[in-house]
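Welcome! Here is a short tour of some helices and strands; please keep the structure open as you read.

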Amino acid sequence: MNKTILSMFGLLSVMTMAQNKKEFSGYPEGLKINQIQVLGTHNSYAKPVDPKVIKLVTGIMGKLKNSFFDKMTAEEKAKFQEYHPNGLDFAEALNYDHPDFNEQLNAGLRNLEIDVYYDPTGNRFNKPAAYEILKNQGITDLAPYSAEDLDKPGFKVMHIADIDFRTHYTTFKKALQALKDWSDKNPNHIPVFIQIEAKDSGIPIFPNASEVLKFDEKAFGDLDKEVLSVLGRKKIITPDDVKGKYKTLNEAVLHNNWPTVNNSKGKFVFVLLPSSAGISNNESPYLAGHPSLKGRMMFIESAPGKDYSAFVLYDNAIVRQNEIQKLVKEGYLVRTRSDIETYEAKVNDRTREKAAFSSGAQIVSTDFFKKGNTYGTDYYVTLPGGETARCNPINSSKNNK
C-alpha cells in the first residue's frame, strides 16, 4: 500500500515537472542578463474584480474622465495616450485573471509585476469602499476578499485601493516570501525580473475612500529593507553589482557591465516604477542620497542618459520600435507590452505582440500567457522558442553573427 502511494506521488511529481517550462539552456557562456528576452505578466498578483464593483465604478468613472485628464500636463497626457493607445475602458482593462506566482513561474514566466501601497500604521485598506457601499445596498454575494495582515504596518499589494483590491498576496512581504519559496525550490532558475510600482495616488471616487500616501525617502528605504529581509542580499542583482568600478551606473550600462546569465542563477532583478506608472517626470525620493543608486536594491525607471539610468519603460512597442532597439543595443533594460488593456485579446490582433518581441525589449509583459482568454479568441502569448528565455534578437551575439 505504502509503495503504491509513493509510486503515485512519484508519478505526480514527474507529471508536474513535465508541465513546467524548460529552463533556458541555449545560451553562450558569456551571455549577459541584458542579452536575453523573457515573458511576464502585468499586475501579476491580481485576482478578478467583482462584476458588481465594475458596474458601480464604470458609471462614475465615465463622468470623471475629463477632469482626470484636465489635471495632467501636456507631456503627461501624451505619455498616457501612448501607454493606453486604445482608450481606457475600466471594465475591459481589468478583464483578465492571473493564478498565483508559483503557477506563473512554473509556466515559464520570468517577469512579474507587483503594485505596492505604503501603510506605515496598518488598518488603511481593511474596508474597501466599493464593498462597503454594496453591502449597505444589501448586496452580500460579493467575491471573497482577504484582509489578512491588513491591520499590521507594512506595504500592501493591490491594483487600485477601494476598487481593484482582490489579490493573491495582501502584503508585500507575503509576495516576496512566495518568490523566495519558489526560488529555493528551483535554485538554477535564470534571473526573474520583478517590476515594483510604488502606488502614490488612488482614485477617491467613494465616500470614506482610503487615504493613499506618497512614497517619501523613508518609505523607499523601508521598501528596500523588506526586499532584503525576505530574499537576502545574495538573491538580488543590485545597481551596485552592475556599476562595479565605473564612475556611474549609466556608464557601466553603456559598457555592458551586466552579470552573465550563468552567474545570475537563482537571483532576482528589481526594477522600480517610482510613481504614477511611469507617467510622472519628477525625480523620485528613491534617488535622494543614493548617487547612481548606490546601496539601493532596485533599478529605477528613467529616461536614458542620467547617471542612474539602466531601465526604460516603453510599453508601446509599435510606436517605440526604433527607440527600443537602439536602447537595447546600447545596453539598457527595456520593458514593453504585447497587449494593452486586453484590446489585442478581444480582437485577436498579434501586431503588438510581434512588435514587442522584435523590438528586443528584454521584458515583454502580457495579460494572457495561457490558452482560454475571457473573450473566447485564440489570443495568448508565448515566448518564441518555447523555453523560459531566449537569446535577445537585437543584442545577443548568437543572433547577430
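## Two helices side by side

This is a predicted model. Let us begin with helix α11 (residues 321–330) and helix α13 (residues 351–359), whose axes come within 9 Å and cross at roughly 25°. That angle is under 35 degrees, so α11 and α13 are roughly parallel to each other.

The contact brings Gln-321, Ile-324, Gln-325 and Val-328 of α11 up against Ala-355, Ser-358 and Ser-359 of α13.

## A helix with a buried side

Next comes helix α3, which spans residues 74–83 and has Phe-80, Glu-82 and Tyr-83 buried. These residues lie on the same side of α3 because they cover an arc of only 160° around the axis. On the face turned away from that buried side, you will find the exposed residues Ala-74 and Gln-81.

## A strand covered on both faces

Strand β2 (residues 111–117) is mostly covered, with seven of its seven residues buried. One side carries Asn-111, Glu-113, Asp-115 and Tyr-117, the other Leu-112, Ile-114 and Val-116, and all of these are buried.

What does β2 pair with? Strand β4 (residues 192–198) is one partner, joined to β2 in the parallel sense over six bridges; within β4, Ala-198 is the bridge partner of Val-116. Strand β3 (residues 156–157) pairs with β2 in the antiparallel sense, over two bridges. There, Tyr-117 has Lys-156 of β3 as its bridge partner.

Methods:
Residues numbered from 1 in each chain as written. Predicted model: local features only at pLDDT ≥ 70, side-chain atom pairs only at ≥ 80, totals over all residues. Heavy atoms only, no water. Axes fitted to C-alpha atoms, helices over the stretch in contact; angles between N-to-C directions. Helix = DSSP H or I, 4+ residues; strand = E, 2+ residues; numbered from the N terminus. Parallel < 35°, antiparallel > 145°, perpendicular 65-115°, else oblique. Contact = heavy atoms within 4.5 Å. Buried < 20%, exposed > 50% of the residue type's maximum accessible area, 1.4 Å probe, protein only. Arc of directions from axis to C-beta. Pairing = 2+ DSSP bridges.
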